[in-house]
Structure formats: C-alpha cells, structure tokens
Amino acid sequence: MRALAASFLIASLCAAPPARADAPCADEACAVRKAVAYAEAGNHAWAVRTLAAWVESHPSDCEARTWLAWEYVAMGAADLAADALPAGACTAAGALHPRARMLRALLHHQGGRADEARAEIDAARASPAAYDSDRAALPALAAAIDPDRLRDVAWSVEAAGGYTSDARLGAPTDPGQGSGGDSSALVQVNAYARVAPDAGAAVRPAAEAQVRVLRLLDGDVSEFSYLNLTGRAGLLAGRAVPRVLVAYRPDFLLLDQGDRFADGPAWYVGGHRAEVEVEVAPWMLAFAGGGRRAFREMGRTRWEADGGVAGQAPLWRGRLRLGGAVMARWHGATDPAYDLAGGTVALNLLARLPGRWSATVAMATAIDGYTRSGTSFGPEPRRDVFLRPGVAAWTPPFHGLTAGVGYDWSRRLSTAPAFDHEDHRVLLRVRWTGSADLRAPRAAPGAPIADIPWGLAGDGGAGSDDRVQDLLRMDEPVQDVCGCGK
C-alpha cells in the first residue's frame with residue numbers, strides 16, 4: 001500500500017512545475033502560503049513538494065508539518081501522511097497541538113483503528129487552546145469518528161399551543177366523563193437537560209432534569225392543568241456502547257385541582273424510583289425501573305415496576321427511520337381497585353423529506369387491566385384499551401430550532417363506560433435541541449498562517465433526538481401510559 005502510494009506521488013511530483021516559480025522561501029510562513037496557493041489552484045503535487053522540502057530542513061516547524069500531512073490526505077496517500085505526522089510530533093506546538101491530534105485521529109479512523117482515533121480526539125479536546133477553524137471542526141470530527149459518543153451536555157426545549165377536544169383524557173386524576181364542554185385551548189412546555197461530564201474515566205456521573213407544563217385555558221377544565229418536575233441522578237458506565245446507566249428518579253406533580261381538604265394548586269403525586277438503562281447497541285435500548293408513588297388520594301398510592309425494550313432502524317436508503325418500543329408495567333396500590341397490569345406498543349416512522357423537511361407518523365397502543373377492581377368501576381373489572389395515532393410535519397432545522405404542526409387522535413375504550421374518552425388534538429410546536437462539551441480548547445490568540453479546510457460543519461450533534469432514549473422521551477404516548485395518572 002505504502003509503496004503504491006509513494007509511486008503515485010513520485011509520478012505526480014515529476015510533473016512540470018508551474019509556469020512561473022517564486023523565489024525560495026526564507027521562513028515557514030512563506031512556505032505554507034506558497035503551498036496553500038498551489039493547493040487552491042489544484043496543484044497538490046507542488047504543494048507537497050514545497051512543504052516536504054521545508055519540513056526536511058526545518059523538522060520542528062509544526063504548521064508546515066500539519067499542512068504536509070493534510071496534503072497527503074488530499075492526495076489519498078494516508079501512509080505518507082502518517083509518516084509526515086508521527087505519534088508524538090507537535091506535542092509542544094501550542095495552538096497547533098490539537099490540529100496535529102485531529103489529523104492523527106482522522107488517519108487512525110481511516111485506517112480502522114477506532115481506539116487510537118478516540119484517544120487522539122480526547123487529547124485534542126483536552127488541549128488548552130486551539131485556532132478558531134480547528135475549534136469549529138473538532139466537534140464534528142469527533143462525532144464522525146465516534147458517532148456513539150455521549151456529549152457532556154444536551155438539552156431540548158419544546159413549546160406548543162393548540163386545541164384539545166377532550167382535556168380529561170390523560171388527566172392525572174383519571175376522571176370519568178364530564179357533563180360536556182371538555183374542549184379547551186392549551187399551552188404546553190417540555191424542557192429537558194442532561195449533564196454527564198466526560199473526564200476520560202470508564203464511569204462518570206450523570207444528572208438529568210425535566211419540566212413539563214400543561215395549561216388548559218378553558219375554565220371548565222383548567223383544574224386539570226399541571227406542572228411535572230422530574231429528573232435523574234446516577235452513574236453512567238461505559239464510554240462507548242454498550243453503556244449502562246443506574247439512576248434514582250424523583251417525580252412530583254403539582255395539579256391545579258383541589259380537593260375537600262384544600263383548594264388547588266396542590267402537590268398531587270410524589271414518586272421515588274430506581275431505574276436502569278442499558279444501551280445494548282446504538283439502535284437498541286433495554287430499560288427497567290420501579291419504586292413507590294404517593295398520591296394525594298391515599299387509595300391510589302402504589303408500588304410500581306416497569307420495563308421494556310426500544311429500538312430504531314434505518315429504512316429505504318436512510319430516508320426513513322422506524323422506531324419502536326414494547327413495555328410492560330405493574331402497579332400494586334393501597335386500594336386494590338387500582339392494582340394494574342398492562343403493556344404498551346409504540347411505533348414511530350420518521351421520513352426525511354427534500355430540503356431537510358421531515359414528517360412523522362406515530363401509533364401507540366396500550367392495554368391495562370385493573371386486576372382486582374371487582375365492581376369498583378362498574379359491573380365487571382375495569383380493562384382499558386388506549387389507541388393514539390398521530391402525524392406531524394417539521395421544518396428544516398436552523399441552529400437547532402425546528403417548528404412543526406401535528407394532529408393526534410386518541411381513543412380509550414373501557415369496560416367501565418364512564419372512562420371512555422375520545423380526543424382530537426392539534427398542536428403548533430417550536431423545538432430547540434442542542435448538545436455541547438464542557439471540556440474543549442479555548443480560542444487561541446492570533447491566527448495560524450493558514451486555516452486547514454476541514455470541510456466539516458455542525459457542532460457534532462446539535463440535535464438531541466437521535467438516541468433511542470431521546471426519541472422515547474419526546475414520545476408523548478409513551479410518557480402518558482407510564483405517567484402518574486394511569
């Protein structure tokens with residue numbers, strides 16, 4: 001391989017020189033600028049010849065060395081690029097140190113040496129300072145080399161407004177049918193943030209916070225408005241997949257509705273759970289959890305356990321992505337009428353459309369049996385079947401921002417007729433997602449002789465919607481059937 005690349009390079013360098021040759025360079029800046037001019041004119045052979053001659057006589061000049069390695073990469077001579085920038089070269093080169101690390105990471109990645117590539121990227125991220133163009137390319141290069149890497153910080157904020165024809169469906173108090181007038185305009189916010197700082201160890205701390213707000217604007221049903229505060233704190237083991245998270249989750253819900261003891265708003269539910277997630281593969285997640293959830297209605301206070309698997313798969317040239325989840329749950333309540341065993345199947349099809357538009361088609365089905373309800377809800381034990389198909393369309397992302405419009409039809413069929421509900425819901429949504437690293441080189445003063453044209457765009461994962469966990473978190477049907485009110 002190396003001999004073949006060298007033969008090709010020698011043949012290229014034997015080509016005629018440019019019609020007008022400049023005088024020999026007296027410093028590194030001249031050599032680099034001359035080589036860059038050759039490269040921009042498409043004459044990579046003479047760019048290499050200029051840089052190789054300078055590096056041979058000035059081996060400690062790191063910018064010329066990094067440009068020589070880059071030019072070899074452009075000519076497809078990876079082995080010669082590695083020779084130009086061997087391990088240990090430019091380790092004391094200041095702001096050029098991360099550039100050298102990035103180039104070696106790229107060469108290791110092209111050679112299939114994943115561990116070495118990740119080590120070089122980690123070293124680049126730990127550098128004190130880097131030039132702006134290299135800092136801008138570093139996150140995208142890291143994502144290309146290690147697409148399963150979990151960034152230190154991720155967030156998602158979605159605000160929505162719209163209309164629901166039956167605000168009682170999915171309300172935390174699990175109310176029966178009202179006397180009519182249950183439709184309402186609504187506003188909701190779902191905000192999420194995760195911090196899991198990567199210090200290079202196999203185990204790292206992880207903390208999450210999530211806030212969900214639903215405001216129903218019609219006075220007849222506004223009492224079902226709520227604020228849900230939850231999150232997780234735990235340990236994340238594994239820098240690459242497979243990866244395991246063990247965490248504690250508190251979960252509290254403030255409901256506008258009062259009761260015979262006090263006017264609302266009142267803290268209606270408080271939960272404490274232990275949870276485990278296992279990223280079996282980049283496309284597959286297994287999860288389980290359980291704990292105790294205390295309700296303001298004492299009879300509904302319960303022990304609970306649940307678990308399942310979720311995954312996603314690309315379809316049709318990557319233009320479609322199918323995601324899905326299967327889960328089971330059990331509730332053991334103080335009042336046996338609220339004991340429950342059930343399960344959910346959810347599917348989500350994402351279509352990537354021209355112009356970076358996208359559309360989703362989703363379907364969730366849940367079956368819940370109140371196993372010891374007897375005649376508490378009617379003449380026979382209560383059993384509910386929940387259906388929710390929905391569609392949505394999303395604009396192209398712009399700096400992590402997208403806007404969308406969606407429609408969901410929900411239907412709950414119950415053996416207790418009072419709990420039958422049907423809802424039509426239309427929402428306009430604006431979502432902002434992003435991610436970042438806490439450890440990154442600061443901006444170096446000054447500028448290099450020339451910026452390497454990395455050709456990398458983006459921030460290495462601005463959107464936090466590609467992991468299976470994130471898809472589940474934003475899937476409202478899945479959240480609803482695992483929520484505090486069911």
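User: Is Arg 273 buried or exposed, and what is its relative accessible area?

Analyst: Burial is read from relative accessible area, and under 20% counts as buried. In this predicted model, Arg 273 has a relative accessible area of 9% and is therefore buried; Glu 304, with a relative accessible area of 5%, is buried as well.

User: Which side chains meet in a salt bridge at 2.8 Å, N to O?

Analyst: Those of Arg 273 and Glu 304 do, and the pair links distant parts of the chain, since Arg 273 belongs to strand 7 (residues 266-281) and Glu 304 to strand 9 (residues 302-315), 31 residues apart. Both residues also belong to one network of salt bridges that share partners, which includes Glu 208, Arg 232, Arg 249 and Asp 251. The structure holds 36 salt bridges.

User: Where do Arg 99 and Asp 134 lie, and what does the pair tie together?

Analyst: The closest N and O atoms of the salt bridge between Arg 99 and Asp 134 are 3.1 Å apart. Arg 99 lies in helix 6 and Asp 134 in helix 8, so the pair ties together parts that are 35 residues apart in sequence. Arg 99 and Asp 134 are both buried.

User: Which helices do the buried residues of helix 8 pack against?

Analyst: An α-helix has 3.6 residues a turn, so residues three or four places apart point the same way. In helix 8 the buried residues include Asp 134, Ala 137, Leu 138 and Leu 141, and the buried residues of this helix pack against helix 6 (97-110) and helix 7 (114-125).

User: Which residues touch the most other members of the largest nonpolar core?

Analyst: In soluble globular proteins, nonpolar side chains tend to be buried together. Here the largest nonpolar core has 50 residues, of which Trp 67, Tyr 72 and Trp 454 touch the most other members. Helix 4 gives the largest share of this core, seven residues. Beyond its neighbours within four places in sequence, Trp 454 is in contact with residues including Arg 99, Asp 134, Ala 137 and Leu 141.

Notes: Residues are numbered from 1 along each chain as its sequence is written. This is a predicted model: local features need pLDDT of at least 70, side-chain atom pairs count only at pLDDT 80 or more; totals for chains, interfaces and linings use all residues. Side-chain values use heavy atoms; hydrogens and water are left out. Buried means under 20% relative accessible area, exposed over 50%, partly exposed in between (1.4 Å probe, protein chains only). Helices (H or I, at least four residues) and strands (E, at least two) are DSSP runs, numbered from the N terminus. Contact means heavy atoms within 4.5 Å. A nonpolar core is a set of buried Ala, Val, Leu, Ile, Met, Phe, Trp, Tyr and Cys residues joined through side-chain atoms within 4.5 Å. A salt bridge is a side-chain nitrogen of Lys or Arg within 4 Å of a carboxyl oxygen of Asp or Glu.
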